[in-house]
Amino acid sequence: MKKYNLIVIGAGPGGYVAAVEAARLGQKVAVIEKEKIGGTCLNVGCIPSKAYLKHASWVDEMEEANRFGLKNTLTDIDYSKLVDRKNGVVNQLQQGIHYLFNQNKIDYYEGEAELRTSHEVVVNQDLLESDYVLLATGSKPFVPPINGIEQADYLTTDTFFDLKELPEELVIIGGGVIGIELAFAMAPLGTKVTIVEVAPSILMTEDKEATQIIKNQLKKMKVEVIEGANIKQVTQKNVELTEQILSFDQLLVVTGRKGNLEIGDNLNLEKTDNHKFIKINRHYQTSVENVYAVGDIVDGFMLAHAASKEGIKAVRHMFGEKEAPLKNEQVPRCVYTHPEIASFGLSEAEAEEKGYDILVSKTSYSANGRAIAGNETTGFIKIIADKKYHEILGGVIVGSNATEMIHTLLAIKESEGRLEEIEKMTFAHPTLSEMIGELGSQMIF
């Protein structure tokens with residue numbers, strides 16, 4: 001029997017980052033993964049989708065160049081080569097995780113883990129013992145009970161990236177972040193894309209003004225968006241709504257995800273009241289003291305970077321460097337559309353509900369020199385702050401490089417800075433980031 005200080009079950013962003021942190025703290029660590037190293041994010045989520053969005057951006061840039069005198073013609077799309085490139089990106093990053101494990105002397109097991117007791121784990125008929133166990137088993141696609149769906153040959157994100165041919169007609173059921181990003185990835189390549197959302201609007205969790213900009217962009221891309229849809233049934237080649245029938249050669253269902261909670265059944269780990277998550281305390285401990293849980297199986301943002309930070313905090317609690325838990329308002333939320341959306345913290349409505357007297361200010365990309373020169377004038381930056389103390393409560397950036405620029409505001413908030421700290425900073429000119437400085441000054445004076 002091999003003995004460890006920590007066994008991590010799951011090699012996604014929550015698991016492998018936590019394992020490396022524990023090893024750096026001098027602990028003997030093992031990681032067990034039954035699928036592919038890197039988890040959902042690396043293999044069928046964040047990374048493949050960003051590779052495909054890059055392919056789409058190349059087409060957009062060619063069309064933009066044409067409008068301004070750089071004449072070119074797109075004669076053919078070899079989709080198989082785009083898939084090969086995506087696979088190469090994924091493989092390179094997988095090898096990077098293997099390198100980290102080797103460098104930090106982390107034992108890696110490929111196979112399905114069974115929690116025999118809170119200290120004993122079985123994998124590939126090997127019995128392993130550990131002081132602590134960290135559950136980072138991630139999630140799987142949630143497919144709602146749509147009439148006929150089980151007889152249809154539908155895709156989820158688990159299978160979408162395996163396609164070898166470019167779809168001609170793609171219907172996407174689900175207008176959340178994943179569905180919208182994949183619409184932006186496929187439409188520029190020539191696929192006819194239709195988004196079906198049963199909620200009143202796509203991107204319901206995002207700023208309404210930001211969502212409207214994305215709706216306008218989808219319309220320009222000739223993507224049909226059907227909101228408040230009533231899906232009667234799905235057949236092999238059609239999605240039948242109350243008022244129309246949509247044909248497809250590929251159907252993608254992206255209607256959310258559900259955590260892989262089964263790993264804790266043998267220990268009868270306590271669940272949350274809605275039974276959707278494993279219940280934890282503020283230090284990510286489950287109802288069994290030496291078993292911790294992070295990522296998609298606990299209540300919080302289902303985001304890779306959130307899982308990674310939770311894993312680090314859980315490990316530091318195990319081995320003596322205790323930290324406060326991750327708060328939702330500290331987590332950036334990103335949508336990699338064109339333009340991008342990035343946000344954090346409280347919206348205006350949420351801030352007012354919490355009793356804040358708020359300052360809200362917004363500036364447009366269309367007035368920024370760098371944006372004008374780069375033909376990237378769609379978008380805005382919005383800051384929500386407390387009127388009394390000028391504390392930053394939330395922020396929204398819609399536009400080019402939004403997912404990078406949001407960290408400037410987050411860094412100021414995390415260091416307990418105020419609007420005054422933004423005003424004191426010197427931003428380079430011409431940059432998109434200088435809009436943040438201008439906005440901070442506007443809100444103070």
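The legends below describe close-up views of one predicted model.

Residues are numbered from 1 along each chain as its sequence is written. Local features need pLDDT of at least 70 and side-chain atom pairs pLDDT 80 or more, while totals for chains, interfaces and linings use all residues, and side-chain values use heavy atoms, with hydrogens and water left out.

**View A. The largest nonpolar core.** This core has 38 residues, and Tyr52, Phe160 and Leu218 have the most contacts inside it. At least two residues each come from several elements, among them helix H3 (46-67), helix H4 (79-103), strand S8 (169-173) and helix H7 (208-220). Helix H6 gives the most, with six residues. A nonpolar core is a set of buried Ala, Val, Leu, Ile, Met, Phe, Trp, Tyr and Cys residues joined through side-chain atoms within 4.5 Å. Buried means under 20% relative accessible area, exposed over 50%, and partly exposed in between (1.4 Å probe, protein chains only). Helices (H or I, at least four residues) and strands (E, at least two) are DSSP runs numbered from the N terminus.

**View B. The salt bridge of Arg316 and Glu21.** The side chains of these residues meet at 2.9 Å, N to O. Arg316 is in helix H8 (residues 304-318) and Glu21 in helix H1 (residues 13-24), so the pair links distant parts of the chain, 295 residues apart. Arg316 is partly exposed at 21% relative accessible area, whereas Glu21 is buried at 12%. A salt bridge is a side-chain nitrogen of Lys or Arg within 4 Å of a carboxyl oxygen of Asp or Glu. The whole structure has 17 salt bridges.

**View C. The salt bridge of Lys140 and Glu262.** Here the N to O distance is 3.3 Å. Lys140 lies in strand S7 (residues 139-141) and Glu262 in the loop between strand S15 (257-259) and strand S16 (291-293), so the pair ties together parts 122 residues apart in sequence. Lys140 is partly exposed, with 26% relative accessibility, and Glu262 is partly exposed, with 46%.

View D. Arg418 is partly exposed at 36% relative accessibility, and Glu420 is buried at 19%.

**View E. A negative surface patch.** Glu35, Glu112, Glu114, Asp158 and Asp162 form this patch. Patch residues have over 30% relative accessible area and no salt bridge; like charges are joined within 9 Å, and nonpolar side chains (Val, Leu, Ile, Met, Phe, Trp, Tyr) within 5 Å. Asp158 is in helix H5 (residues 157-160) and is partly exposed, with a relative accessible area of 34%.

**View F. Two cis peptide bonds.** The bond from His338 to Pro339 is cis, with omega near 10°. Pro339 lies in the loop between strand S17 (333-335) and strand S18 (340-345). The bond from His429 to Pro430 is also cis, with omega near 0°. Pro430 is in the loop between helix H12 (419-424) and helix H13 (434-444).

**View G. Positive phi at Lys105 and Asn375.** Phi of Lys105, a residue other than glycine, is near 55°. Lys105 sits in the loop between H4 and strand S3 (107-110) and is exposed, with a relative accessible area of 69%. Phi of Asn375 is likewise near 55°. Asn375 is in the loop between helix H10 (369-373) and strand S20 (380-386) and is partly exposed at 38%.

Notes:
Accessible areas come from the Shrake-Rupley method with a 1.4 Å probe; for residues, only the protein chains shown count as cover. Lys and Arg count as positive and Asp and Glu as negative; His and the chain ends are not counted. The place of a charge is taken as NZ of Lys, CZ of Arg, CG of Asp or CD of Glu.
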